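Dear colleague,

Please find below the sequence and structure that I am handing over to you.

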Amino acid sequence: MPIAAAASFVGTIRGRILIAFLIMSAITGALGLSAASGIRRADELVSRTFDRSLMSINYARAAATDFASMRSVDTRRRMSVDPVVKAQLEDRLETLRRLFSEDLAVAVERAQSSRATTAAEAVERAVKNWDAARSAVVGRETKEADWADVGRYAVEAEEHLDLFINHTAGDGFIYRQQARAVVARETQINLFGTLLALLMSASVAFLLARRIMRPVADASMVASRIAAGDLSVTIPPGSADELGALLTSMGVMRDNIRRAMEQEVAQRLSAEAHLADALDTSLEGIVVVDESGRIALINGQAEDFLGFGHAASPRNIQETSIARVAFEGNALARTLLSADDDWTTPREMQLADGRWLRISRSRTRTGGFIAVCSDITLLKVQEAHLQSTNLRLDTALDNMSQGLCLFDAEGRLTVVNRRYCELFDLDPDDLPLGSPYHEVASLHLSSANEGMVFEVEGHEISAAGSGFRQLSSGRVVAITHKPVSGGGMVATYEDVTERRQADARIAFMARHDVLTGLPNRAMFGERIAEALAHLGRGSMFAVLCLDLDRFKEVNDTLGHPVGDELLKAVGNRLRACLREVDTVARLGGDEFAIILAGVTQPDEATILARRIVEVVSNPYQLEGQRVAVGVSIGICLAPGDGTSCEKLLKNADVALYRAKADGRGTWRFFEAEMDIRLQARRALELDLREAVTQGAFELFYQPIYDFRGRRVGGFEALMRWRHPDRGLVSPVEFITVAEEIGLIVPLGAWALLTACTEAMRWPDGIRVAVNVSVAQFRDGTIVQSVKEALSLSRLPPTRLELEITESVLLKDNAATLATLHALRRLGVRIAMDDFGTGYSSLSYLRSFPFDKIKIDQSFVRDITAADESAFIVRAVIGLGLSLRMRTTGEGIETDVQFERLREEGCDEGQGYFIGRPEPAESIPAVLERWSSHRALVKQAVA
């Protein structure tokens with residue numbers, strides 16, 4: 001019985017409050033015990049503080065030990081006579097000094113008073129003074145007083161160390177005693193506070209239990225009656241505490257429940273009104289007919305459909321018989337009263353005013369029916385528009401250039417156009433809608449060439465892919481399959497025969513030369529790569545680079561159309577010289593290349609080269625013109641001369657360059673020395689370009705002696721290049737290179753201006769001769785260069801003489817003659833250099849009246865020999881007299897040659913006998929030396 005009562009008591013609020021009190025008391029007691037434990041812990045921390053002082057003392061003692069060791073090591077070092085031992089002891093002393101500093105720093109860090117810190121600082125100063133005094137007496141003669149200072153500083157350091165230790169120990173003891181007193185006091189206070197908290201908790205719990213017993217009972221009674229549905233219960237007044245607030249809240253809850261019930265009734269009434277409004281505003285017409293055939297419910301839209309209009313009263317309408325409405329002629333009413341009870345599917349009808357209705361009717365449980373009428377007039381209009389759109393779509397599909405098939409998700413044909421039937425020559429009746437995909441595919445596959453399927457595996461194409469199929473008629477159809485949303489796919493078929501042919505032509509043109517139809521450089525590189533990949537042990541192939549000789553002359557004289565025909569003819573002849581396994585390509589311009597496969601001996605390449613030279617050199621008959629060209633060939637062998645396309649072409653090109661240099665119309669095999677010479681030439685080109693930029697050129701002047709005036713009548717300006725490594729370079733070595741790389745034009749303009757400027761410093765009547773290159777005539781700037789040189793130097797034009805060779809007249813003879821006449825109009829003199837060494841020297845004298853003819857030194861050299869040179873020289877001198885042209889003999893090296901030319905009537909002479917080319921500053925001395933015939937005689941005798 002007591003146990004049951006206790007359990008019942010525990011279930012009440014009073015019992016729970018009592019349990020809460022006991023729990024709170026236990027917590028308070030635990031807090032008190034925790035506080036006591038914390039104080040105990042604080043006591044331990046105080047003890048540790050004292051231990052910190054002990055650690056400081058230990059490190060101070062370690063520092064004292066370090067200092068004692070330092071003194072001991074210093075004593076040993078002073079007593080030792082061995083330098084090595086002294087050095088070791090000095091290192092040991094440095095280590096002890098560092099340890100002393102570290103120990104003292106730790107001791108100071110753990111010290112707990114300013115007096116201990118002050119003592120530590122005094123220790124550090126004393127040790128530093130000791131170390132300084134010790135260092136001062138090291139290495140010199142010492143006195144007793146010096147060592148007395150050292151000892152005094154040592155004693156001072158030890159005293160301060162002891163004082164530091166004592167201060168640290170005292171500080172630790174004092175702090176420990178103070179901390180213990182504080183801990184004892186705090187322990188008593190916390191225990192008293194814990195006891196007081198327990199007493200107060202008990203008092204509060206007792207008063208709380210007495211206060212809430214009656215209000216809790218009232219609240220329980222009110223809550224039970226409200227839960228039973230009694231909303232008229234009276235709520236007793238409550239106090240200002242939490243139970244009073246609970247009773248007040250119960251009253252608010254009762255009032256809220258009462259208002260909610262009232263609102264629910266009002267909402268139901270409102271919902272009925274809203275339903276009536278919805279029926280009236282609905283676009284659907286709704287009619288409810290009872291079992292007696294009278295209209296029980298009808299909305300405004302249905303009234304309109306039944307023809308009641310807005311004037312009729314709703315009450316009268318609801319009392320109207322639907323049969324009467326039908327009798328009055330309303331089509332909708334007749335439909336609703338139809339004897340046919342099959343209303344499983346909606347019916348459609350058109351009213352007299354043209355509107356379309358979709359009607360649904362269903363029976364009610366009482367025997368009447370409900371009819372819903374929807375206005376589908378707009379839907380009907382849209383259906384008509386859709387039919388029209390579908391008709392246009394069918395027209396578009398039938399007029400597409402592509403064939404089209406549309407399959408649904410089940411793979412059945414839903415759309416096919418006329419173009420598809422035309423492409424595969426099918427009858428539209430063979431393709432009924434709904435046919436499976438495989439049947440449709442088998443129809444167009446049967447019209448295709450089974451052996452010509454492109455990019456398609458087998459006879460089926462996936463739902464997402466593309467491919468090409470060649471028909472038996474030879475035409476090619478592109479097939480594309482794409483999935484559509486919702487499942488299925490669309491297939492398009494396009495006749496791409498012309499496009500494929502065009503692509504094939506483009507692919508051919510990308511790898512072949514358009515003019516000759518031969519492989520181009522790209523395809524030639526591929527063939528070389530293939531040949532290299534198939535090289536076996538001991539096997540070789542040859543690469544031949546060909547360049548036509550005199551092809552530019554054909555273009556310049558006969559025009560580019562003839563040149564193009566010539567290239568085609570050369571390509572055909574080269575093809576005829578080769579086997580099917582060999583390859584000939586046009587690299588560009590008049591350059592061709594050949595791969596000679598399966599070479600076992602270099603002689604095979606030689607035989608082919610000889611045959612090509614003979615075949616290509618035979619004359620051509622093109623557009624009524626007889627054309628003749630030659631060919632030069634460079635040969636290299638793979639793999640010996642290279643294992644890459646670039647290397648082989650480069651080496652063959654080097655050999656071709658050598659063949660051209662050796663006289664054209666021949667062939668040369670690649671040799672390593674050729675590449676070395678080519679690299680040397682390229683280095684010369686780079687140096688030459690840099691020399692033009694830096695102005696590293698000079699003009700030397702060679703005197704020209706006037707036989708009749710017995711004096712020097714002028715000088716020929718000869719260019720020299722002062723190379724930083726090679727010294728003074730002759731023009732023979734660099735002029736040709738300058739012409740080939742396009743530097744001769746600026747060099748020639750500079751030479752003209754420099755020579756004219758220098759000639760202005762010479763005596764009046766002394767002329768200057770300047771050589772003019774073919775490139776300067778071809779560039780078309782020679783006239784302007786001469787004008788600028790004469791204008792800037794102020795040299796009279798009659799004192800300037802331009803020397804040209806016969807090669808100037810070989811190219812574009814008409815333009816060259818026009819340029820020569822323009823120069824003549826400026827007043828300058830024109831001389832033909834190296835006369836007699838060309839092919840048409842006499843014809844050139846007819847085409848232009850030169851002022852001077854310079855007889856080539858090859859004739860002057862042999863003028864004293866018993867051969868025809870003397871007769872040639874005499875004839876040229878006579879020709880000059882007849883044409884009123886002065887003559888100059890070049891290359892005079894002996895007095896016999898000098899006298900013979902003078903006796904033959906030559907006007908001028910030039911050569912090493914008269915003077916070598918010298919810088920401009922040597923000209924006054926040359927003029928003085930040759931100022932009289934007597935000087936000439938003396939020079940000759942010497």
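The notes below begin with the whole chain and then turn to a sheet, a helix and a single serine.

Please bear in mind throughout that this is a predicted model. The chain contains 31 helices and 27 strands. Of its 942 residues, 39% are buried. Among contacts with a separation of 6 or more, 58% are between residues 24 or more positions apart. The accessible surface of the chain is about 52,100 Å², and carbon and sulfur atoms account for 55% of that area.

The sheet that I examined is an open one, built from 5 strands with antiparallel pairing in the order E2-E1-E5-E4-E3. Its edges are formed by strand E2 (295-298) and strand E3 (347-350), each of which pairs on one side only. On average, and with direction ignored, neighbouring strands in this sheet are turned by 25 degrees against each other. Within the sheet, strand E4 (residues 356-363) and strand E5 (residues 369-375) run antiparallel and are joined by 7 bridges. For orientation, Arg-358 has Ser-374 of E5 as its bridge partner.

Helix H15 covers residues 521-533, which makes 13 residues. From the first C-alpha of H15 to the last, the distance is 18 Å, close to the 18 Å expected at 1.5 Å a residue. At the start of this helix, a side-chain oxygen of Asn-520 comes within 3.3 Å of the backbone nitrogen of Ala-522. The buried residues of H15 are Met-523, Phe-524, Gly-525 and Ile-528. Their cover includes two other helices, H14 (497-511) and H19 (645-661). Strands E12 (540-549), E13 (583-588) and E14 (591-599) also contribute to that cover.

Finally, I would draw your attention to Ser-632, which lies in strand E17 (residues 630-638). Is this serine buried or exposed? Ser-632 counts as buried because its relative accessibility is 0%, and the cut-off for buried is under 20%. The side chain of Ser-632 reaches the backbone nitrogen of Gly-665 at 3.2 Å. Neighbours within four places in sequence aside, the residues in contact with Ser-632 include Cys-545, Leu-546, Asp-547 and Asp-549. Leu-656, Ala-659 and Lys-660 are also in contact with Ser-632, as are Arg-664, Gly-665 and Thr-666.

With kind regards

Notes: Residues numbered from 1 in each chain as written. Predicted model: local features only at pLDDT ≥ 70, side-chain atom pairs only at ≥ 80, totals over all residues. Heavy atoms only, no water. Helix = DSSP H or I, 4+ residues; strand = E, 2+ residues; numbered from the N terminus. Expected span 1.5 Å × (residues − 1). Buried < 20%, exposed > 50% of the residue type's maximum accessible area, 1.4 Å probe, protein only. Contact = heavy atoms within 4.5 Å. Polar contact = N/O pair within 3.5 Å; in protein donor to acceptor, adjacent residues only side chain to side chain. Pairing = 2+ DSSP bridges. Axes fitted to C-alpha atoms, helices over the stretch in contact; angles between N-to-C directions. Areas by Shrake-Rupley, 256 points an atom, 1.4 Å probe, with all protein chains shown as cover.
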